[in-house]
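Student: Could you take me through how to read the features of this model, beginning with the way its chains meet?

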Protein chains: 2
Amino acid sequence: MADSPLESIYRRYLEALNERRLDDLVDYVHDTVVYNARALTRRGYSDLIAADIQAIPDLRYVVDLLVVRADLVACRLKFDCTPRHPFSGLRPTGRAVSFAEHVFYRFHDARIAEVWSLVDKPAIEAPLSS
Amino acid sequence: MADSPLESIYRRYLEALNERRLDDLVDYVHDTVVYNARALTRRGYSDLIAADIQAIPDLRYVVDLLVVRADLVACRLKFDCTPRHPFSGLRPTGRAVSFAEHVFYRFHDARIAEVWSLVDKPAIEAPLSS
């Protein structure tokens, strides 16, 4: 199935994150965005991502499953990385971890307006070697 | 947008769960299903759901967000309930809780073949009154 326009936009958004082009978020995120029921400015949203990248320098957003229809995007993201600083309330062990995020986005006018995210915290706490 | 056939099937699957018709899972779930990377028989999958219902007698699966395309279903489910027995490794407080599940399903031949589920455990631990 060919990518929908929204799927292409979403994939470019992830590319921007992976290439650390956070200034480009203006192209993908509204001036205000509701993130897990909390209203944020785009700058506040960008700061959340910047904090994740600071804690996990090798963080890469990799699509495992992607479902797009109408104005909604649902994505299972897989992360294989080594946290270096406390992340999402968890302390790094210095070892590689593998975890997933299941995230829904509602787009308005081709930019993200609302995000609902759940992260697999138990997987972050359990190093890959366990 | 009209419901897709798969969306209708999925909504009937949730109705079966909400009406406790677990014998009907034969219509919605393959003989074997991979649940969070673990292969289960349909009976094993049904037993997981039966255990949740036993722990939370008023458990109702309510769709908050639903995205369906091709053979994939992504759903954000919302639960408002009162756990009565230990659930997902968490002890009940006797108080109502509100939490979400973000779940992806891959269907084969109109029945569930694979499931990836994340549950918002911190929300379960925090009672509604907090």
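Tutor: Across the interface of chain A and chain B, the rule finds three residue pairs in polar contact, both residues being at pLDDT 80 or more; a polar contact is a pair of N or O atoms within 3.5 Å, where within protein one must be able to donate a hydrogen and the other to accept it, and residues adjacent in sequence count only if both atoms are side-chain atoms. On the side of chain A that touches chain B, strand S3 (62-69), strand S4 (72-81), strand S5 (97-108) and strand S6 (111-119) each supply at least two residues, strands being DSSP runs of E with at least two residues and helices runs of H or I with at least four, numbered from the N terminus. This is a predicted model, in which local features need pLDDT of at least 70, side-chain atom pairs count only at pLDDT 80 or more, and totals for chains, interfaces and linings use all residues. Residues are numbered from 1 along each chain as its sequence is written, chains are lettered from A and ligands numbered from 1 in the order in which they are written, and side-chain values use heavy atoms, with hydrogens and water left out.

Student: What area is buried between chain A and chain B?

Tutor: The size of an interface is often given as the accessible area lost when the parts come together. Here the buried area (accessible area for a 1.4 Å probe, summed over both parts) is about 2,200 Å², of which carbon and sulfur atoms give 74%. Arg69(A), Phe104(A) and Leu118(A) supply 33% of the area that chain A buries against chain B, more than any other three residues.

Student: How many salt bridges does the rule find across the interface of chain A and chain B?

Tutor: Side chains of opposite charge can pair when their charged atoms come close. The rule, a side-chain nitrogen of Lys or Arg within 4 Å of a carboxyl oxygen of Asp or Glu, finds two across this interface, and Arg69(A) meets Glu7(B) in a salt bridge at 2.8 Å, N to O. Within chain A, Asp47(A) and Arg43(A) meet in a salt bridge at 3.2 Å, N to O; these residues are four apart in helix H2 (residues 42-55) and therefore separated by about one helical turn.

Student: Which rotation superposes chain A on chain B?

Tutor: With copies superposed by least squares on the C-alpha atoms of residues with pLDDT of at least 70 in both, a rotation of 180° with 0.0 Å of shift along its axis brings chain A onto chain B (RMSD 0.0 Å). That is the relation of a two-fold axis.

Definitions and conventions. Buried area = accessible area lost by both parts, 1.4 Å probe.
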